[in-house]
Amino acid sequence: MTAITWTELLAWSFSPLGWLYRALTAAPDAAVLWSQNVLCALIAVLVALALDRLWGEPPAWLHPVVYMGKALGAIGKIIAPRADHPRDWARFILGMIAWCALAAIIFALYWLILFVLPYQPWWLAGVCMGVLLKPLLAWRMLKDEVLAVEAALQQSLPAGRERLSWLVSRDTAQLDAATVRESAIETLAENLCDSVIAPLFWFAVAGLPGAAVYRLANTADAMWGYPGWRGEGAQRRHWQWAGKWAARADDVLNWIPARLTAAWLALVAGGVPWQALRRDARVTPSPNGGWPMGAMALALGVRLSKPGVYQLHAQGAAPGSADLQRAVHLASKVIAAQVGCALAAIVLMAMWFGALHG
């Protein structure tokens, strides 16, 4: 078998896209190894989505994102000030260094894990990667929480508001039933990107280390990235500057996945007006959130809004109970499409693998 240099190993060992490139361009004997790696990555995606569907989230003591949150919480007490300081560049730099240090630690940890996975038989590595990938994505929990908002609304409006407060940071006390559903559908669309499409995208680009760093970035944005005062009493901190790097890092890492999510929603819905989607995507404060939310609004033909901030598909109808169910169905079709693509890729790679052996 053709020797693989350490430079090649370090450059491609964590990247399924790199494995695919090497499988298609390497000499036949070396391409066998890279084809196995690609098949392992595809198996990992299927295993992760299957585990999510069957069992949902692992217990907190086993969940890596829980430990990311604890680390971010502890560091946040150090980097965020107790007072509002205008243009506090020192806190910005401190937040940047802390974020980068955590990202480097997590990337290195997951990269090292790849070297202790069992690689014989070759498919077992794919199963193990899938088990490790699962906590880095979450579809079942998102779907269940959104459907729980509708179930609560069927009981009473106050119950629906209370359940929605589990999902969003905005004040829900004055929302009517239609606006509660708007918020739930927005959360579904945006987190379809954050919790499924983006982790899978970064897994494809940089393997388990990439997916793990993305989850850190997304969690850091939720904990550090929203400006203003947060916390109570001794835990009260001001996040105007300490969390800016976390917010911008999340924006950068979500730029492509947000648009991929919008494209998937448009595809499974049978198409949406592209110009209208581009227009709506620009009205949200986030450079990314408007894409999946706008695509969902146009696909359903409903209005989605945050009072006083933005309106997506403003001429659409107020969403009803059936629209929320349709939103979940559309998002579920996107997940099914991911499974279908993985299965089709496995078949193609298996044929390629067989041709190499032939």
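S195 lies in helix α9, which spans residues 177-224, where helices (H or I, at least four residues) and strands (E, at least two) are DSSP runs numbered from the N terminus. This is a predicted model, in which local features need pLDDT of at least 70 and side-chain atom pairs count only at pLDDT 80 or more, while totals for chains, interfaces and linings use all residues. Residues are numbered from 1 along each chain as its sequence is written, and side-chain values use heavy atoms, with hydrogens and water left out.

S195 counts as buried because its relative accessibility is 10%; buried means under 20% relative accessible area, exposed over 50%, and partly exposed in between, with a 1.4 Å probe and protein chains only. Leaving aside residues up to four places away in sequence, S195 touches L136, L137, A138 and R215, a contact being heavy atoms within 4.5 Å.

The protein as a whole has 13 helices and 4 strands. Its radius of gyration, taken over C-alpha atoms, is 22 Å, close to the 21 Å that the globule rule (2.2 Å times the number of residues to the power 0.38) gives for 358 residues, so the protein is as compact as a globular protein of that length.

| Property of the protein | Value |
|---|---|
| Box filled by the C-alpha atoms, along the principal axes | roughly 65 × 50 × 40 Å |
| Buried share of the 358 residues | 51% of residues |
| Share of contacts between residues at least 6 apart in sequence that join residues at least 24 apart | 70% of these contacts |
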